[in-house]
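Subject: Structure handover

Hello,

The structure I promised is below, followed by my notes on what turned up in it. Please read the notes with the coordinates open.

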Amino acid sequence: MNLKRLEIKKNIQKAEDKNLSFRVFDLDTKHIEPYSNPHKKDHFCIIIVETGKIDLQIEEKMHHLKTGKISIIFPEQIHSISNPTEDLTGKIILFEEVLFCSDILKNELSAYNVNLSSNLNCTVLPAEEFERNNALVMNIRNIYNKPSLIKKEQARFYIKIFLLGLIESIHGQHPVLHQKTNQHLYIDFKKLLNEQFKKERTVQYYAANLNVTSKKLNETAKKHCGETAINAIHNRILIEIKRQLLFSDLSHKEIAFDLGFSSPSALNKFVRAKLKETPTELQNELAQIYNA
């Protein structure tokens with residue numbers, strides 16, 4: 001199957017969307033229609049059901065979302081939406097990874113990043129907590145409707161608060177230390193990746209240092225975050241490229257060597273392969289989104 005991959009930068013509903021790294025839509029039959037066939041995204045998607053029901057297929061698992069349920073779909077997860085009821089209402093939030101949650105699940109919070117994608121794919125909150133989250137969503141929507149430079153920064157923090165609240169909630173429902181899984185292997189992999197990604201880019205290196213086979217490491221990564229070990233490695237590098245292009249004063253040559261590329265052309269080739277654009281085009285795009 002040739003799966004369609006939806007890109008947030010092409011999801012333009014209004015002129016301001018070109019300068020925003022997030023979108024907020026009403027959850028209704030109109031806005032879920034593009035998601036009815038199996039596809040994947042290059043961004044995160046939050047689905048919040050206020051009333052009514054939908055069926056959400058993520059990878060091999062079917063989730064029945066109804067009032068009070070929240071789903072976070074991770075980038076590259078194959079999914080589709082079906083069977084909406086007539087009384088369906090809620091919100092859809094789309095957002096990019098680079099400035100929102102790439103730093104949430106590292107270091108001191110790494111223990112929370114266990115089975116996270118599968119646990120966040122379908123979360124039910126107590127009514128009071130759901131209402132608190134809805135208040136955050138309303139703030140995010142209001143900013144989306146009337147964005148400004150300062151308000152865009154506020155939206156980043158609102159989304160982070162929303163995510164951290166959900167992570168804390170599911171951690172209480174699925175305690176890390178009581179799960180009989182390979183969580184410690186995954187945590188150790190993510191920790192080692194954050195330490196070595198500038199120098200080491202092979203699954204074999206990480207598997208050998210963790211005393212497991214490459215197959216075992218791939219299975220563990222896929223189970224806990226929905227992506228293979230090599231994709232986790234490449235995505236970690238890509239996040240750092242975006243950060244440096246956006247926040248540092250380094251030249252592309254300096255970024256290339258800092259991140260372990262043999263030459264600027266190797267950096268260019270890597271970005272082209274992943275994003276189908278050059279580092280210069282990516283830098284201009286990021287500057288438009290976050291500095292406009």
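In what order do the strands of the open sheet run? The order is 2-9-4-7-10, an open sheet of 5 strands with antiparallel pairing. Strand 2 and strand 10 are the edge strands, each pairing on one side only. Strands pair if DSSP finds at least two bridges between them. Helices (H or I, at least four residues) and strands (E, at least two) are DSSP runs, numbered from the N terminus.

Conventions first. This is a predicted model, in which local features need pLDDT of at least 70 and side-chain atom pairs count only at pLDDT 80 or more, while totals for chains, interfaces and linings use all residues. Residues are numbered from 1 along each chain as its sequence is written, and side-chain values use heavy atoms, with hydrogens and water left out.

Strand 7

Strand 7 covers residues 69–73. It is largely enclosed by the rest of the structure, because 5 of its 5 residues are buried; buried means under 20% relative accessible area, exposed over 50%, and partly exposed in between (1.4 Å probe, protein chains only). K69, S71 and I73 point one way from the strand, and I70 and I72 point the other way. Strand 7 pairs with strand 4 in the antiparallel sense over 4 bridges, and I70 stands opposite I48 there. Another 2 bridges join strand 7 to strand 10 (residues 123–124), also antiparallel. In strand 10, V124 is the bridge partner of K69, and T123 stands opposite I70.

K91

Where is K91, and is it buried or exposed? K91 sits in strand 9 (residues 89–95) and is buried, with a relative accessible area of 7%. Its side chain makes a polar contact with the side chain of D26, at 3.5 Å. A polar contact here is a pair of N or O atoms within 3.5 Å; within protein, one must be able to donate a hydrogen and the other to accept it, and residues adjacent in sequence count only if both atoms are side-chain atoms. Not counting residues up to four places away in sequence, K91 touches V24, F25, D26, L27, I46, I47, I48, E50, V137 and R141. Contact means heavy atoms within 4.5 Å.

Nonpolar cores

The largest nonpolar core has 44 residues, and F22, I46, I47 and I93 have the most contacts inside it. Such a core is a set of buried Ala, Val, Leu, Ile, Met, Phe, Trp, Tyr and Cys residues joined through side-chain atoms within 4.5 Å. Elements that each supply at least two residues of this core include strand 2 (22–26), strand 4 (44–51), strand 9 and helix 3 (127–145). Helix 4 gives the most to this core, with 7 residues. A second, separate core of 31 residues includes F189, A207, I233 and L282.

I47 has contacts with L27, I54, L56, L65, K69, I70, S71, I73, I81 and K91, leaving out residues up to four places away in sequence. I81, in turn, is found in strand 8 and is buried at 3% relative accessibility. Beyond its neighbours within four places in sequence, I81 is in contact with I32, Y35, S36, I47, I54, D55 and L56. I81 and P38 are 43 residues apart in sequence, but 8.1 Å apart in space, C-alpha to C-alpha.

Helix 3

Helix 3 has 19 residues and reaches 26 Å from its first C-alpha to its last, close to the 27 Å expected at 1.5 Å a residue. The expected span is 1.5 Å times one less than the number of residues. Its buried residues are F130, N133, N134, L136, V137, I140, I143 and Y144.

N83 lies in the loop between strand 8 (79–82) and strand 9 and is exposed at 53% relative accessibility. K276 is in the loop between helix 10 (264–275) and helix 11 (279–291) and is exposed at 70%.

How many disulfides does a search of the whole structure find? The search finds 0, where a disulfide is a pair of cysteine sulfur atoms within 2.5 Å. C45 is buried at 0% relative accessibility, whereas C122 is partly exposed at 23%.

Regards
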